[in-house]
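This briefing is meant to be read with the sequence and the structure side by side. Please find each residue in the view as it comes up.

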Amino acid sequence: MKERLARLKAIKRLIKNNRIASQDELLTYLQRDGFDVTQATLSRDLKLLKVGKVSDGNASYVYALPSDEERAEGEQILVQDFLRGYVSIDWSGNIVVIKTFGGHADSVSNALDCMNMDEILGTVAGDNCIFACLREGVTGKQFMNALKQRIPDIED
């Protein structure tokens, strides 16, 4: 996990300090910095960081990070999606079960996935229920504490 966090930090630094126009170019920078990363992983990292392309004023486009205001707005939308759809949360071992209103499991699961919580390996959504698999050693209580840091209004 530390390599991922270091890689994400490096991507942010590279985008802030360089005019990068393509994933291939960014991949070259990362490899020079010692990161062994695939195109698919880099693509997921860019999505996770919500990196977009903006005009450079010279008929080209370069990668840019979202502003703090854009990031906060996006996080608030995720929180609203989660709160709007979930009914209850319970756990057993490393499995968390989140019950939702009918038809809301997908949007609640997507919100949870987009929060990129280190405590979660992945989620599976049905129609009104989500199963989240926690990382080895993470308890349901630890998961809830981490979720409450992101969504203070949540009730367990």
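Helix 2 (residues 23-32) packs with helix 3 at an angle of about 105 degrees, and their axes are 11 Å apart. Helix 2 is therefore roughly perpendicular to helix 3, since angles of 65 to 115 degrees count as such. The model is predicted. The points below start with this pair of helices and then turn to single residues.

**Helix 2 and helix 3**
- Two packed helices are described by the angle between their axes and the distance between the axes.
- On the side of helix 2, the contact is made by Q23, D24, L26, L27 and L30.
- Helix 3 takes part through Q39, L42, S43 and L46.
- Sorted by class, the contact of helix 2 with helix 3 has five nonpolar, three polar and one charged residues.

**D45, a residue of helix 3**
- D45 is found in helix 3, which covers residues 39-48.
- The relative accessible area of D45 is 4%, so D45 is buried, the cut-off being under 20%.
- If neighbours within four places in sequence are left aside, D45 is in contact with R7, L8 and I11.

**G140, a residue of helix 6**
- G140 lies in helix 6, which covers residues 140-150.
- G140 counts as buried because its relative accessibility is 2%.
- Apart from neighbours within four places in sequence, G140 is in contact with W91, G93 and L134.
- K9 and G140 are 131 residues apart along the chain, and their C-alpha atoms are separated by 28 Å.

**Rings and charges**
- The structure holds one aromatic pair.
- R32 has its charged end over the ring of Y29, 5.3 Å from the ring's centre.
- K53 lies over the face of Y63, and the distance to the ring centre is 5.1 Å.

**Positive phi in loops**
- K50 is a residue other than glycine, yet its phi is positive, near 60 degrees.
- The loop that holds K50 is between helix 3 and strand 1 (52-55).
- N116 is not a glycine either, and N116 has a positive phi of about 50 degrees.
- N116 has its place in the loop between helix 5 (105-114) and strand 5 (120-125).
- The relative accessible area of N116 is 27%, so N116 is partly exposed.

How values were computed
Residues are numbered from 1 along each chain as its sequence is written. This is a predicted model: local features need pLDDT of at least 70, side-chain atom pairs count only at pLDDT 80 or more; totals for chains, interfaces and linings use all residues. Side-chain values use heavy atoms; hydrogens and water are left out. Helices (H or I, at least four residues) and strands (E, at least two) are DSSP runs, numbered from the N terminus. Buried means under 20% relative accessible area, exposed over 50%, partly exposed in between (1.4 Å probe, protein chains only). Contact means heavy atoms within 4.5 Å. Axes are lines fitted to C-alpha atoms, for helices over the stretch in contact, and angles run from 0 to 180 degrees between N-to-C directions. Angles under 35 degrees count as roughly parallel, over 145 as roughly antiparallel, 65 to 115 as roughly perpendicular and the rest as oblique. Ala, Val, Leu, Ile, Met, Phe, Trp, Tyr, Cys and Pro count as nonpolar, Asp, Glu, Lys and Arg as charged, and the others, Gly among them, as polar. Rings of Phe, Tyr and Trp (its six-membered ring) pair if their centres lie within 6.5 Å; planes under 30 degrees apart count as stacked, over 60 as edge-to-face and the rest as tilted. A charge sits over a ring if NZ of Lys or CZ of Arg is within 6 Å of the ring centre and within 35 degrees of the ring normal.
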